[in-house]
Amino acid sequence: MKLLFRRKPPIPTHFTTPPPIPPIRPSNPPKPSPPTLLRPFSTVHPPKPLPPEYEMPTVTWGAIHGRKEQLVSRVVISDYLKTLGVVPDELEHLELPSTVDVMRERFEFLQKLGLTVDDINAYPLMLACSVRKNIIPVLGYLEKLGFHRSDLGAFVKSYPQILHMSVIVELAPVVKFLRGIDVERNDVPFVLQRYPELFGFKLEGTMSTSVGYLVSIGVSPRDIGPMVTQFPFFLGMRVGTVIKPLVDYLVSLGLPKKVLVRLLEKRPNVLGYDLEGVVKPNVEALVSFGVRRESLASVIAQYPPILGLPLMPKLSSQQYFFNLKLKIDPDGFARVVERLPQIVSLNQGLIMRPVEFLRERGLPDEDVAKMVVRCPQLMLIREEFLKEGFYFFKSEMGWPMKELVGFPEYFTYSLERRIKPRYRRLAEKGIRCSLGWFVNCSDKRFEERLQADLIETEMEGPAFVMGGKLEMPGSDDVSGDEDDESEDEVLYRRTVSL
């Protein structure tokens, strides 16, 4: 039986198309901005072309994505370098450019700087540096510091690692450190050319500790900059193993620390002497040749380079020469070294000139030897000064030669400013005295002596004792400006002239 359902009428639907929405237009539409123009006084400048030597490369790297292509490219570049004479073994594990053109441009750029194939083989890793990203920024910064373009090749040759360094991260902080310790701006290139390894040190490490230790022992901070300019290598020396042991050893010899500090300020290259290999053997050599241990500090203060010389052969040669030509025995030679340590480096021909002069004036060899031992500075006086002094002594003064033999220091004083004026005063008053009595004193002391009723006895000159007070016989009666100075200042001023 079929069920019959009544069909419902369909529900009427009415779909009407909505009217189109009109576009929203702004009431004030934006106006196009006018093109930027360079005004005559604008701060925007067009880029300046680089010099021909620093032109950016025209060839790009050319990325190669496949491993097979990379291996093929590496083999091609290695073969190309071999044709140039470059050994590419050290470049095996480094990233190289993808084309020969890029490598050729790097090689030719380095050649323009003045590097040869041998220089590149000494450090082939420089071929891994990009001309655009590494070489040109570094060279441009160095030239900005004041390096001459003609010196850049030699600088890169001496320190090729600089081509890998970042200007902002590694180079600029070192330059800022040097300027901070009072190295003059014009001296910065000189310092870096002498010691380019400074770029490889950490600022908070060796360099800072070296400067800090020197300041702690008394070196003036304003003298650090001139010391670095003269001898920058101490910035790379370790305090605990190099600088401090040397300072402690010199102090142990009797050298006052204040004198040592002034010595280091004037001659910082002393810090570069090897303590165990050079300094200690030289000190023992001086002792073995008769120099007294209490005089070692005086010898070092007068002639600091004696610590770094090949001293044993020099002492042997000079001692034999003094014994043979000047008739001075080894003990007399030791006294000469104590009073004039520069004698170890003095030319033997120069030594003989004043000796021959005195011998030609009739002085016997024994008297000349006594004069040299008492005053070895005679060997440093020019012959014309010796002639003038001897002529005045012989013709004008007419004193016996034993006075000259007993006081050879007469030749070291100014004839016009001291000897002649004082001798005329003595002649006017009819005073008869020794050479040392009227020559070896200050002007004020000389006037006091002229006004005295009695002539005081002859006294020896200053005695130099390192580490103690400078004692002068009769110093209580001598008036001067030294009373206001400290003992160390008097000691340094009288004994050390650097």
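Predicted model: local features only at pLDDT ≥ 70, side-chain atom pairs only at ≥ 80, totals over all residues.

**Labels and their cut-offs**

Author: Residues are numbered from 1 along each chain as its sequence is written, and side-chain values use heavy atoms, leaving out hydrogens and water.

Reader: How many helices and strands are there?

Author: The secondary structure comes to 23 helices and zero strands. Helices (H or I, at least four residues) and strands (E, at least two) are DSSP runs, numbered from the N terminus.

Reader: Why is D119 called buried?

Author: Buried means under 20% relative accessible area, exposed over 50%, and partly exposed in between (1.4 Å probe, protein chains only). D119 has a relative accessible area of 14%, so the label is buried. Buried residues make up 40% of the 498 residues in the protein.

Reader: What surrounds D119, and where is D119 found?

Author: D119 sits in helix 3, residues 117-122. Leaving aside neighbours within four places in sequence, D119 is in contact (heavy atoms within 4.5 Å) with G114, M126 and K157.

Reader: What does the side chain of D119 reach?

Author: The backbone nitrogen of T116, at 3.0 Å. A polar contact is a pair of N or O atoms within 3.5 Å; within protein, one must be able to donate a hydrogen and the other to accept it, and residues adjacent in sequence count only if both atoms are side-chain atoms.

Reader: Why is the pair of Y195 and F233 called tilted?

Author: Some background on the pairs: the structure holds 13 aromatic pairs. The rings of Y195 and F233 have their centres 4.9 Å apart and their planes at 55°, so the pair is tilted. As for the rule, rings of Phe, Tyr and Trp (its six-membered ring) pair if their centres lie within 6.5 Å; planes under 30 degrees apart count as stacked, over 60 as edge-to-face and the rest as tilted.

Reader: What makes the pair of Y195 and F233 a tie between parts of the chain?

Author: Y195 lies in the loop between helix 7 (188-194) and helix 8 (203-216), and F233 in the loop between helix 9 (221-230) and helix 10 (239-252), so the pair ties together parts that are 38 residues apart in sequence. Y195 counts as buried at 12% relative accessibility, while F233 is partly exposed at 26%.

Reader: And why is the pair of F321 and F322 edge-to-face?

Author: Their ring centres are 6.1 Å apart and the planes stand at 75°, so the pair is edge-to-face. F321 counts as buried at 8% relative accessibility, and F322 is buried too, at 0%.

Reader: Which residues do ring pairs link into a cluster?

Author: Y195, F201, F231 and F233.

Reader: How do you know that R432 lies over the face of W399?

Author: R432 is at 4.6 Å from the ring centre of W399. A charge sits over a ring if NZ of Lys or CZ of Arg is within 6 Å of the ring centre and within 35 degrees of the ring normal.

Reader: What makes R104 and D101 a salt bridge?

Author: Their side chains meet at 2.8 Å, N to O. The rule asks for a side-chain nitrogen of Lys or Arg within 4 Å of a carboxyl oxygen of Asp or Glu, and by it the count comes to 19 salt bridges. R104 and D101 both lie in helix 2 (residues 100-113), three residues apart, about one turn of the helix. R104 counts as partly exposed at 30% relative accessibility, and D101 counts as partly exposed at 40%.

Reader: Where do D248 and K244 lie?

Author: Both are in helix 10, four residues apart, about one turn of the helix.

Reader: Which residues are linked in a network of salt bridges?

Author: R292, D331, R335 and E338.
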